[in-house]
Amino acid sequence: MGRLMDWILVSREPGEPEYKNHSEAMLNNYDLKPVEPARRTWGAWNFVGFWVSDAFNINTWMIISSSVVGGLSWWEAWICVWVGYLVTACFVCASGRIGAIYHVSFPPAARASFGIWGSLWPVLNRGVMAAIWYGVQSWIGGECVLLMLRSIWPSANTMPNSLPASSGTNTRDFVCFFLFWLFQLPFIWFPVHQIRHLFTVKAFIVPTAGVAFFIWSIVKAHGIGPIVKQGGTLSGSEKGWAIVSAIMNCIANFATLIVNDPDFTRFAKKPRDALWSQLVTIPVAFAITSFIGVIVSSSSTVIYGEAIWNPTDLLKMYLNDAPTSGTRAGVFFIAFALALAQLGTNIAANSVSSGSDLTALCPRLINIRRGGYIAAIVGICMCPWNLLSSSNNFTTYLSAYSVFLSSIAGVILGDYYWVRKGYLKVEDLYSANKNDSYWYTYGIGLKAYVAYIAGILINVVGFANAVGSDVPMGAVYIYRLNFFTGFIVASCTYAALCKIWPSPDQWPSEWSEVGSEAYIEGKEYERGAIEMEAGSEQLAYDKKGFTEAAREREQSF
């Protein structure tokens, strides 16, 4: 029995702190604790590679399609992509700074506002979203596997079907999905600070394939096609709201990553490594990918008489045209690169994120690795082909979760930047002591929950319209800005409540980031002064953490 429990429980890592009681054991493990200097291995170029690799995926390739089909010209839609992902980059950097300064992931960061136990609900929200996305991205990756198989064995396309119609899929597509799902499992095993090498490899291979696809399509079509020459068909307020929708689509596509960026930035060597690298790379990389998607789709209009926005559909058309051996080799290489793109995106945005969140739900039984495998199991059990059977269903689902995540982001960032001015007491993020900073009411931050609900309620009526109900147009307009409205309402409501009923360490008079080195070094925290060691530099700060030493250290960032 003892051996069984040793196997079930998460093994303790060297340097992992001793827990004073069962409650603290439910708040901490090796994957949740602040990252010590030895694991801070992500430099600026690692973040560049991460986002370049993340940008080159099928969703980004098609991000402009709905806007062009809806009546915007390609260049108007492309400008919206630049604006949308620049705004997104600002949110990502704002969220990621918490991880870069204090070296904590999203779950502990959420405890500062939602409370030690209250944070479990937003963490569960994010974890469920990541697990569902894992399945969706795996299904898309399965389409790439089918292309590779068809490139080698054309008969793979006519694989006999043994599944009933009620399953929603067929044997061929399910086998390809399962192969891709299976291929991802070994990559979940590696710790986060090591998988940066996967993103570096992907950052070279996938853009190269994208450019090759770009050139191949232009040559095949003897030009760039008509889409780049056609103008928009909208004007006035219709055009204005179409532009707003195009920008919001970019932000909604990133809502999950905005919340969980600390899961990666906590591994940054220096805080500035996670700033400019993300702020610049995100809009540039995603804009370039979407531009390639537009040109390739425009070229497909010349070749096949209609715009084919999905790159896997276009590659299927290439294979349907009595392909030469060269064409089959080209399709295989591009499909392999797209599969690699889906793999990297799935590991980064979904496996690691879901693993980090599930770890916080039960630290003694689940670490990031186990959480990643749980997400993989959920991803196959949820039957993602049913979710993707209707693009409208998936878009509605995506918008709905953007509402929840915007409220979570509004509370957390409002608390950090506005209410606390950057000050977190790291040891209290892992303490269930009723006298510590983030206990609030039985471990739940009621003010955060009121603000969170307020951020959701502002969008509820508009969401009803999205699922087919008649509502006032004012509510529809508000919902079209759902991420901004949810974020702003949640943030302002939280700040107002904290102003009326402030906690002892809220509303400091000046910016007060102090970092996490004292906790990482394993020193015993006392209520008085605390010594912090970072290399040879000795830092001290008092109970509230507002000394000159901390401010000087902040300036050095």
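Author: A crossing of two helices is called left-handed if the near helix is turned anticlockwise from the far one by less than a right angle. The model discussed here is predicted.

Reader: How does α15 pass α16?

Author: In a left-handed crossing, by that definition.

Reader: What are the angle and the axis distance for the packing of helix α15 and helix α16?

Author: Helix α15 (residues 311-320) packs on helix α16 (residues 325-361) at an angle of about 165 degrees, and their axes are 10 Å apart.

Reader: Why are α15 and α16 called roughly antiparallel?

Author: Angles over 145 degrees count as roughly antiparallel. The angle here is about 165 degrees, and α15 and α16 are therefore roughly antiparallel to each other.

Reader: Which residues make the contact?

Author: On the α15 side they are Pro311, Thr312, Leu315, Tyr318 and Leu319; on the α16 side they are Thr327, Arg328, Val331, Ile334, Ala335 and Leu338. Sorted by class, this contact of α15 with α16 has 8 nonpolar, 2 polar and 1 charged residues.

Reader: What lies in the loop between α15 and α16?

Author: Alanine 322 lies there. Alanine 322 has a positive phi of about 45 degrees, although it is not a glycine.

Reader: Is alanine 322 buried or exposed, and how do you know?

Author: The cut-off for exposed is over 50% relative accessible area. Alanine 322 has 69%, so it counts as exposed.

Reader: Which other residue has a positive phi although it is not a glycine?

Author: Tyrosine 440 has one, of about 55 degrees. Tyrosine 440 is in the loop between α19 (391-419) and α20 (446-466).

Reader: How do you know that the length of helix α3 agrees with its number of residues?

Author: At 1.5 Å a residue, the 12 residues of helix α3 (residues 44-55) should span 16 Å. The end C-alpha atoms of α3 are 17 Å apart, which agrees.

Reader: Why is α3 described as largely enclosed by the rest of the structure?

Author: A residue is buried under 20% relative accessible area. In α3, 10 of the 12 residues are buried, so the helix is largely enclosed. Among them are Phe47, Phe50, Trp51 and Asp54.

Reader: Why does arginine 39 count as buried?

Author: Arginine 39 has 5% relative accessibility, under the 20% limit, so it counts as buried. Arginine 39 lies in the loop between α2 (22-25) and α3. Neighbours within four places in sequence aside, arginine 39 is in contact with Tyr30, Lys33, Pro34, His193 and Phe267.

Reader: What makes isoleucine 58 count as buried?

Author: Isoleucine 58 is in helix α4 (residues 58-61). Its relative accessibility is 2%, and the limit is 20%, so isoleucine 58 counts as buried. Not counting residues up to four places away in sequence, isoleucine 58 touches Ile140, Cys144, Asn310, Pro311, Thr312, Leu338 and Gln342. Pro311, Thr312 and Leu338 are also in the contact of α15 with α16.

Reader: How far apart are isoleucine 58 and threonine 289 in sequence and in space?

Author: They are 231 residues apart in sequence and 9.3 Å apart in space, C-alpha to C-alpha.

Conventions: Residues are numbered from 1 along each chain as its sequence is written. This is a predicted model: local features need pLDDT of at least 70, side-chain atom pairs count only at pLDDT 80 or more; totals for chains, interfaces and linings use all residues. Side-chain values use heavy atoms; hydrogens and water are left out. Axes are lines fitted to C-alpha atoms, for helices over the stretch in contact, and angles run from 0 to 180 degrees between N-to-C directions. Helices (H or I, at least four residues) and strands (E, at least two) are DSSP runs, numbered from the N terminus. Angles under 35 degrees count as roughly parallel, over 145 as roughly antiparallel, 65 to 115 as roughly perpendicular and the rest as oblique. Contact means heavy atoms within 4.5 Å. Ala, Val, Leu, Ile, Met, Phe, Trp, Tyr, Cys and Pro count as nonpolar, Asp, Glu, Lys and Arg as charged, and the others, Gly among them, as polar. The expected span of a helix is 1.5 Å times one less than its number of residues. Buried means under 20% relative accessible area, exposed over 50%, partly exposed in between (1.4 Å probe, protein chains only).
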